[in-house]
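Please open the structure in a viewer and keep the sequence beside it.

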Amino acid sequence: MKELGKNELLNIDGGTSISGTLISSITRGINTLLDMGRSLGTAIRRIGSNNVCPL
């Protein structure tokens with residue numbers, strides 16, 4: 001196997017593309033944060049309007 005020289009090593013490109021898996025995980029994370037915010041907002045609204053189920 002041939003060893004690469006300094007100029008050849010500097011010309012290597014790769015690893016800069018965004019994969020579908022990365023986009024999917026970012027989208028899933030954003031959706032999770034939105035769902036958590038929605039749940040927290042609903043809980044605050046129910047506590048504020050005194051509409052909480054008794055334990």
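A residue is called buried when its relative accessible area is under 20%, exposed when it is over 50%, and partly exposed in between (1.4 Å probe, protein chains only). The model is a predicted one, in which local features need pLDDT of at least 70 and side-chain atom pairs count only at pLDDT 80 or more, while totals for chains, interfaces and linings use all residues. Residues are numbered from 1 along each chain as its sequence is written, and side-chain values use heavy atoms, with hydrogens and water left out.

**The whole chain**

Begin by displaying the entire chain. Two helices and zero strands are present; helices (H or I, at least four residues) and strands (E, at least two) are DSSP runs, numbered from the N terminus. Along the principal axes, the C-alpha atoms fill a box of roughly 75 × 15 × 15 Å. The radius of gyration of the chain is 25 Å, whereas a compact globule of 55 residues would have one near 10 Å. This radius is taken over C-alpha atoms, and the globule rule is 2.2 Å times the number of residues to the power 0.38.

How much of the chain counts as buried? The share is 0% of the 55 residues. The accessible surface comes to about 5400 Å², with 61% of it belonging to carbon and sulfur atoms. Such areas come from the Shrake-Rupley method with a 1.4 Å probe; for residues, only the protein chains shown count as cover.

**Helix 2**

Next, select residues 20-48, which form helix 2.

Within helix 2, select Asn31. Asn31 is partly exposed, because its relative accessibility is 40%.

**The nonpolar patch**

Now select Ile18, Leu22, Ile23, Ile26, Ile30 and Leu34, which make a nonpolar surface patch of about 570 Å². Patches consist of residues with over 30% relative accessible area and no salt bridge; like charges are joined within 9 Å, and nonpolar side chains (Val, Leu, Ile, Met, Phe, Trp, Tyr) within 5 Å. One of the members, Ile23, lies in helix 2 and counts as partly exposed because its relative accessibility is 48%.

**The salt bridges**

How many salt bridges does a search of the whole structure find? There are two, each being a side-chain nitrogen of Lys or Arg within 4 Å of a carboxyl oxygen of Asp or Glu.

For one of them, select Lys2 and Glu8, whose side chains meet at 3.4 Å, N to O. Lys2 is exposed at 63% relative accessibility, and Glu8 is partly exposed at 35%.

For the other, select Arg38 and Asp35, where the closest N and O atoms are 2.8 Å apart. Because they are three residues apart in helix 2, about one helical turn separates Arg38 and Asp35. Arg38 counts as exposed at 52% relative accessibility, while Asp35 is partly exposed, with a relative accessible area of 41%.

**After helix 2**

Finally, select Asn50, in the segment after helix 2. Asn50 has a positive phi of about 55 degrees although it is not a glycine. Most residues other than glycine have a negative phi. Asn50 counts as exposed because its relative accessibility is 68%.
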